[in-house]
Amino acid sequence: MKDFLAGFSNLETPFYFYDLSILDETISAIRQANRYGYHIHYALKANNNPRILERIRKAGFGVDCVSGNEIRIGLENDFDASHVVLAGVGKTDKEIQYAIDQNIFSFNVESIQELEVINEIATKKGKVANVSIRINPAIDAGTHHYITTGAKENKFGISEDELFGALVQIQAMTNIHFIGLHYHIGSQIMDLGRFKNLAVRVNDIQQKLVAKGVELPHLNVGGGLGIDYENPDENPVPDFETYFKTFHENLELLPGQELHFELGRSVVGQCGSLISRALYVKEGSDTNFLIIDAGMNDLMRPALYQAQHKVISLSGRSEEKKYDVVGPVCESSDTFGKGLMLPETKRGDFLVIRSAGAYGETMKNTYNARELAKPYYSEDF
Ligand SMILES: Cc1ncc(COP(=O)(O)O)c(C=O)c1O
Ligand SMILES: N[C@@H](CCCC[NH3+])C(=O)O
């Protein structure tokens with residue numbers, strides 16, 4: 001990061017900085033580890049910057065979208081509609097119409113009612129929509145409860161019981177082509193054993209379907225692989241080898257059946273940082289508040305999920321001090337870290353908030369009428 005500092009000095013902070021060499025390294029690691037021919041759809045919600053999407057598309061990945069606008073962004077960035085999947089519990093009629101018009105690869109359907117609506121809209125258009133049904137496998141992902149999605153009480157997908165009940169209904173839906181099952185148990189999953197549990201559940205449900213004479217050409221196991229927020233520079237690339245191997249060793253695919261993934265955070269998380277400057281230091285008897293010019297509107301994750309992103313001070317001083325690093329927004333949750341030991345930092349010094357490549361810019365907002373932080377890219381410095 002220090003190498004780029006000279007180029008930063010004139011830039012207005014806060015801003016996002018993407019080290020594209022980390023992105024390239026990550027993409028190559030995915031391609032190398034995926035020696036099984038699995039289909040990867042990048043979860044565009046993690047980061048939709050054109051410069052990042054271009055590299056991901058060139059790697060041959062498709063996109064996983066959660067809105068009509070995300071589909072549009074994917075198509076505008078030259079992803080092929082035949083590699084687009086659409087998830088989301090609340091797809092609007094307009095989004096469904098648009099997705100059908102674009103001939104996307106598959107809808108990941110989250111309720112029986114949604115299935116009926118897609119069938120109705122497809123019928124009116126004289127088209128047939130490819131559909132995968134999202135199953136809520138009732139598996140604990142062992143991650144923050146706000147980003148767990150496959151537990152029984154979550155709003156996502158349908159239960160196994162509902163699926164078996166719906167099989168007859170689906171047969172009568174003339175404009176639905178039922179192509180597969182979809183699962184996604186949550187995000188920032190560091191315990192790969194959770195994916196093994198998922199694979200076992202997927203096998204179980206698949207066996208029951210086969211027993212009823214239903215063999216589907218596609219399975220989609222979502223995303224969720226976590227990144228090392230504590231040691232981003234030591235571990236910039238997640239363990240894709242073990243991740244794919246876990247599915248290869250535990251998931252029993254039917255002959256010719258395709259396995260799909262929807263990776264977001266693990267692809268782009270570590271290549272991005274939020275760069276900020278220290279504005280003020282308030283020295284207290286117990287705590288020193290280091291007030292920086294980046295806030296929760298620039299990076300919501302700490303305020304929303306109590307997420308810890310590594311904060312690095314580039315002050316260059318040798319003496320260390322303890323700081324609560326806080327943003328300027330009028331909320332107490334606008335805090336990037338408490339009691340952090342950092343080199344003594346003064347007004348004007350740069351701070352780097354690491355691992356902000358995923359769910360950073362896509363969740364930034366203008367709360368307090370603040371300006372949106374701009375992105376910059378390593379290859380331009
Ligand atoms: C359905 C679905 N697929 C894929 C993803 C991407 O997840 P991650 O960024 O954890 O890989 C998400 C987000 O959690 C999701 O909701
Ligand atoms: N936005 C979340 C993860 C949820 C992903 C979407 N299901 C994060 O920042 O960690």
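How many Å separate the centres of domain 1 and domain 2, taken over C-alpha atoms? The separation of these two centres is 33 Å.

## Basis of the model

This is a predicted model, in which local features need pLDDT of at least 70 and side-chain atom pairs count only at pLDDT 80 or more, while totals for chains, interfaces and linings use all residues. Residues are numbered from 1 along each chain as its sequence is written, and chains are lettered from A and ligands numbered from 1 in the order in which they are written.

## Two domains and their contact

Domain 1 comprises 2–14 + 270–380 and domain 2 comprises 20–266, with bounds that come from an automatic or database domain assignment. To the contact between them, domain 1 gives 19 residues and domain 2 gives 21 residues, where two residues are in contact if their C-beta atoms, placed from the backbone, lie within 7 Å.

On the side of domain 1 that touches domain 2, helix 11 (301–305) and strand 16 (374–377) are the elements that give two or more residues; helices (H or I, at least four residues) and strands (E, at least two) are DSSP runs, numbered from the N terminus. The residues of this side of domain 1 divide into eight nonpolar, seven polar and four charged, given that Ala, Val, Leu, Ile, Met, Phe, Trp, Tyr, Cys and Pro count as nonpolar, Asp, Glu, Lys and Arg as charged, and the others, Gly among them, as polar.

## The shell around ligand 1

Ligand 1 is surrounded by 16 residues, of which the closest are Ala43, Ser187, Gly223, Gly264 and Arg265; a residue is placed in this shell if its C-beta atom, placed from the backbone, lies within 6 Å of the ligand. Strand 9 (258–263) and helix 10 (265–268) are the elements that give two or more residues to the shell, and by class the shell has five nonpolar, eight polar and three charged residues.

## Strand 2 and its partners

Strand 2 (residues 39–43) is mostly covered, with four of its five residues buried; a residue is buried if 20 or more other C-beta atoms lie within 10 Å of its own, exposed if 12 or fewer, and partly exposed in between, with C-beta atoms placed from the backbone. Strand 2 runs parallel to strand 9, joined by four bridges, and it also pairs in the parallel sense with strand 3 (residues 62–65) over three bridges, pairing being assigned if DSSP finds at least two bridges between two strands.

His41 has Glu262 as its bridge partner in strand 9 and stands opposite Gly62 in strand 3. From strand 2 the chain crosses through helix 3 (residues 50–58) to strand 3 in a right-handed β-α-β crossover, meaning that, with the strands pointing away from the viewer, the path from the first strand over the helix to the second runs clockwise.

Most residues other than glycine have a negative phi, and most peptide bonds are trans. Thr13 and Pro14 are joined by a cis peptide bond with omega of about -5°, and Pro14 is found in the loop between helix 1 (5–8) and strand 1 (15–18). Ser355, although not a glycine, has a positive phi of about 55°, and Ser355 counts as buried because it has 27 C-beta neighbours inside 10 Å.

Asn288 lies in strand 11 (residues 288–292) and is partly exposed because 19 other C-beta atoms lie within 10 Å. Asn288 and Lys322 are 34 residues apart in sequence but 6.6 Å apart in space, C-alpha to C-alpha.
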